[in-house]
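Please look over the model below before reading on.

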Amino acid sequence: MFSYPDYNNGIINIISSIRKYYRTSAAYPTLKELDRCLNGFYKNIVLIMMNGMGKDILNNTLEKGSFLRSRYICSLTSVFPAARTASYISMLTGLSPNEHGWLGHNLFFKEFCRTVSVFHNCDSYSRQSVAQPNVAQFIMPHESIFSDIKKSVIANVQPFSISQSPYPIPENGNYHKTADNQKKLFELISLICETKQHTFTFVQWNEIAEQARLHGCFSDEVYECLSEFNTNLEQSCEKLTDTLFIVSAGHGMTDISEEIPVNLNRSLMDCLLMPPDMEGRAMGFFTKQDRRGEFYRLFTELYGDSFTLIPGTEIMRKGIYGKGNTHPKVSDFTGDYVACGISDKTLRFRALNEKPRTAPLAACGGLTDEEMIVPLITVSTRKTLEYRPPMLGDVTPNIKFF
């Protein structure tokens with residue numbers, strides 16, 4: 001089964017509910033289920049995005065009575081593409097991919113005449129550094145939610161962010177730290193929540209996605225990672241008060257049986273103007289104008305059982321990237337067709353100057369339920385009975401301790 005993103009009931013609406021709680025404006029509807037959990041005052045809000053922890057992995061890895069599964073509220077959809085780049089920027093900004101333009105990990109920037117790995121800021125094939133400052137941030141700058149939350153009228157809120165090395169989060173009114181393991185992650189969360197300051201903490205954690213990519217969705221490594229997180233979260237909730245934990249994922253993962261090297265098909269390549277981009281399971285193709293029909297026929301014959309080929313115009317017309325004002329770079333990246341994964345295969349374009357790499361055992365970005373459907377989990381510790389505004393003694397924590 002496969003699903004399209006629902007921008008009225010998806011991960012982006014988590015941010016809308018948080019914005020509503022802090023009395024700031026939101027571009028998308030809120031989640032009623034989450035609004036009910038936020039109907040009260042909490043000193044600390046902790047949003048943890050466990051990338052890769054789709055509903056399928058969660059339900060087939062942990063027992064039904066486990067701490068995480070017993071706190072499950074509802075299912076949400078990811079954005080499209082259902083992969084780290086698009087989902088991460090959407091959670092950081094509260095905007096859809098259509099608005100922020102970060103559609104995939106590998107994007108062709110005509111301004112630099114290079115296909116760039118946006119987070120590593122290097123050529124996607126040669127791995128050589130492209131330019132300073134960061135290409136994607138320079139071409140597609142974005143404002144995070146932290147500055148708005150810090151100005152919240154309900155309290156003097158201090159935003160924090162924590163990410164797994166080496167995935168930094170830009171500072172925009174937030175204090176940011178990285179953690180190499182879950183023990184360090186929860187130590188940082190505890191230090192933040194135990195201060196007198198009212199806090200909002202955003203956590204971007206990619207461990208499950210990384211382990212699934214290396215070992216498969218239901219490997220021992222993924223089980224150990226998710227079990228450890230389940231235990232750490234439960235223990236943390238026993239110690240902290242006045243805190244609401246919101247746990248979800250930017251996307252899920254699906255096991256991969258084959259990585260298809262599209263560059264080896266000469267007939268298919270002859271129909272293209274330039275290398276495809278975005279993601280292996282959401283790949284944008286730029287075709288020669290007089291070869292579009294031929295490309296569609298060839299691709300459908302070869303890979304029609306594994307990928308649905310959607311015209312770029314239809315992607316935009318149906319709002320699959322989301323709503324709002326379309327970013328100028330979206331049409332540059334989408335191309336004439338987008339091949340969307342609906343089975344257990346992924347695509348790859350390998351340039352002649354590209355360094356060899358191991359094929360993934362699991363991937364994301366496609367439209368399958370395993371990738372698209374993620375859980376929403378909330379855990380509330382004891383909350384104060386009534387709202388208490390910040391006192392003069394409530395100071396921003398000294399970041400030297402973090």
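**Notes on the core and the overall fold**

1. Leaving aside residues up to four places away in sequence, Ile189 touches Val46, Ile48, Ile162, Val203, Leu240 and Phe245, where a contact means heavy atoms within 4.5 Å. This is a predicted model, in which local features need pLDDT of at least 70 and side-chain atom pairs count only at pLDDT 80 or more, while totals for chains, interfaces and linings use all residues. Residues are numbered from 1 along each chain as its sequence is written, and side-chain values use heavy atoms, with hydrogens and water left out.

2. Ile189 and Phe200 have the most contacts inside the largest nonpolar core, which has 106 residues. Such a core is a set of buried Ala, Val, Leu, Ile, Met, Phe, Trp, Tyr and Cys residues joined through side-chain atoms within 4.5 Å, and buried means under 20% relative accessible area with a 1.4 Å probe, protein chains only.

3. Of the 402 residues of the protein, 59% count as buried. In soluble globular proteins, nonpolar side chains tend to be buried together.

4. The secondary structure comprises 16 helices and 18 strands, both taken as DSSP runs (helices H or I, at least four residues; strands E, at least two).

5. Among the contacts in the protein with a separation of 6 or more, 74% join residues 24 or more positions apart. Taken along the principal axes, the box that the C-alpha atoms fill is roughly 70 × 45 × 35 Å.

Notes:
Buried < 20%, exposed > 50% of the residue type's maximum accessible area, 1.4 Å probe, protein only.
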